[in-house]
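Please look over the sequence and the model shown here.

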Amino acid sequence: MARPVQPQFRRTAVERRILLQKRAKDIPDAKALEIVLKSFPKAERAGLLDQIRPQLRFTVD
Amino acid sequence: MRWDAFCGPSSTALAQDVQRAVNLFCERADTSGKNERYALVGTPGRSLFATLAGGGVRALHTEPGQGADRCFAIGGSKLYELASDGTATLRGDVSTDGQPAKIASNTVDGGTQLFIASDRKGFLYVLTTDALTGPIANVDPLSVVALSTYFVALTSLGIQWSDPLDGATWDPLDFNGPGGIALLADRKELWVYRSRNIEVYTATSEETVFQPTPSGFIQQGLLAPESIAQIDNAQFHLGGDERGHGIVWSSEGYAPRRISTHAVEQALQGFGLTVLAGARGYAYQEGGHSFYVLNFPGAPNGSGAWAYDTTTGLWHERARWANGQYTAEHGCLHTFAFGRHLVGDPITGKIYEQSMGLYDDDGDVIRRLRRSPRLVNELRRQPLSTIQVDLEAGLGLSSGQGADPQIALRLSGDGGKTFGNERLVNVGKIGEYSRRALSYRWGAPRDLVLELTATDPVPWRIANVYLNPES
């Protein structure tokens, strides 16, 4: 088992958007999605939601 | 006749076993290991250490230091730091839902932070500045542990972790699922307890840091989230799943081992699901005995806590004596600080010191009870002219209650269904070391059960009972 590596730098905004695309299918429910989206700038949230909507395991208005 | 079986555990089972040990635990008397022979020793007493003005104790935590421990307690919505003399210094406010809170520390990995999970909100306390901040953004922790430089929490996302050594920063994209109902950090592994199984995770160098460990999956669920405790390289918990509940498990490695007996299980399952799910466990070591203590707040009167001694593998009961019956103990949260065992009361906000060197319950008597197993010889009459209790005599106090300590004996001739009147037996004032605890003329019972009770605040060490000893 690999030893944990401490990241030297925080993720950039671009890296976080890419990671969101990868992790969207693992978000368990609408409450969790709300926590995830709130960590992005308010202006980006609607657009990000539209992008990941097809991958979500649940429906969101 | 030497009655070796007199000293034993609590085991009141359907198989006509009636024995109980309340506020007495077994210590192996035969150090050669050739015989399973035990003595009974009194459980620890308590004295008031501190009272939290904020309300019931919801969490206790100690940061060990070389002679400079730092002890923290959450009482209601207040975080306090306790000094070694019991002085409580208010460090700030957290939110409360009345449920237990969790405190995790990253100091073992070189950090300086405590992360507090309370009311599904996260709070951060920095040990070097004594600053408490929160609620922390992006995390709604049900529980939290510290592992491999990360704080790891159960949240709405599942298992969620902070930035390394930084409990103030939680990226909601750092999660893995599914979550669970309780967490434990053990030997660099993350144990995620669920209602139907337990899964073990480890920190990896992957982008999703915490990943399931191959073979780290246990098909036994957790019933009581607050029942988890660690001691002697093992985890203990009160289990339950779709097949049933009310068995106490120990896990050494990934193999669960049932440690409760039929007697314990029958007693626990009688409490009902709600009481069992609210069980609270803690573990501690004193005098070389490692105890796992399970408290059941809300259990009916007449019952208290069940305690398992990992050194003997035997169970005993612990309870307060109030209004003529046994009832739940005051403290069910534990920490070891300043060289003392401290237990917190979730109702009153009182924190007690618990020690084998204390012989009362903060001024109230501790009623110790030993009820023997049945002694039957083909249901023939057994003439019983003399009962002699072999105990350490002459340990009375110099004055007051305990100056002339006594035990009370009563006998059942029908296997413990009914008992005769109590008879008091003196066991020796201070210095009367050769005093013999003798009682005469007990008739000729067929199905003998002997019950011994003691309430004096003196050390109780019962080695054996002799029936009809030769003079």
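What covers the buried residues of helix 2 of chain A? The cover includes helix 1 (13-23) and helix 3 (42-52) of chain A. This is a predicted model, in which local features need pLDDT of at least 70, side-chain atom pairs count only at pLDDT 80 or more, and totals for chains, interfaces and linings use all residues. Residues are numbered from 1 along each chain as its sequence is written, chains are lettered from A and ligands numbered from 1 in the order in which they are written, and side-chain values use heavy atoms, with hydrogens and water left out.

**Helix 2 of chain A**
- Helix 2 spans residues 30-38, and A:A32, A:L33, A:I35, A:V36 and A:L37 in it are buried (under 20% relative accessible area, 1.4 Å probe, protein chains only).
- Helices (H or I, at least four residues) and strands (E, at least two) are DSSP runs, numbered from the N terminus.
- A:D29 caps the N-terminal end of this helix, with a side-chain oxygen 3.3 Å from the backbone nitrogen of A:K31.

**Nonpolar cores**
- A nonpolar core is a set of buried Ala, Val, Leu, Ile, Met, Phe, Trp, Tyr and Cys residues joined through side-chain atoms within 4.5 Å.
- The largest core has 30 residues, and B:I387, B:V389, B:I407, B:L409, B:L450 and B:I462 have the most contacts inside it.
- Strand 41 of chain B gives the largest share of this core, four residues.
- Apart from it lies another core of 23 residues, among them B:I259, B:W306, B:Y308 and B:W315.

**B:E317**
- B:E317 sits in strand 29 (residues 314-318) of chain B, and it counts as buried because its relative accessibility is 8%.
- Its contacts (heavy atoms within 4.5 Å), leaving aside neighbours within four places in sequence, include B:S10, B:R20 and B:W306.

**Interface of chains A and B**
- Each chain brings residues to the contact: 24 from chain A and 24 from chain B.
- About 2000 Å² is buried between the chains, 57% of it on carbon and sulfur atoms; buried area is the accessible area (1.4 Å probe) that two parts lose on being put together, summed over both.
- The interface has six salt bridges (a side-chain nitrogen of Lys or Arg within 4 Å of a carboxyl oxygen of Asp or Glu).
- A:R11 forms a salt bridge with B:D174, the closest N and O atoms being 2.7 Å apart.
- Helix 1 of chain A gives the largest share of the side of chain A that touches chain B, five residues.

Conventions: Buried < 20%, exposed > 50% of the residue type's maximum accessible area, 1.4 Å probe, protein only. Polar contact = N/O pair within 3.5 Å; in protein donor to acceptor, adjacent residues only side chain to side chain.
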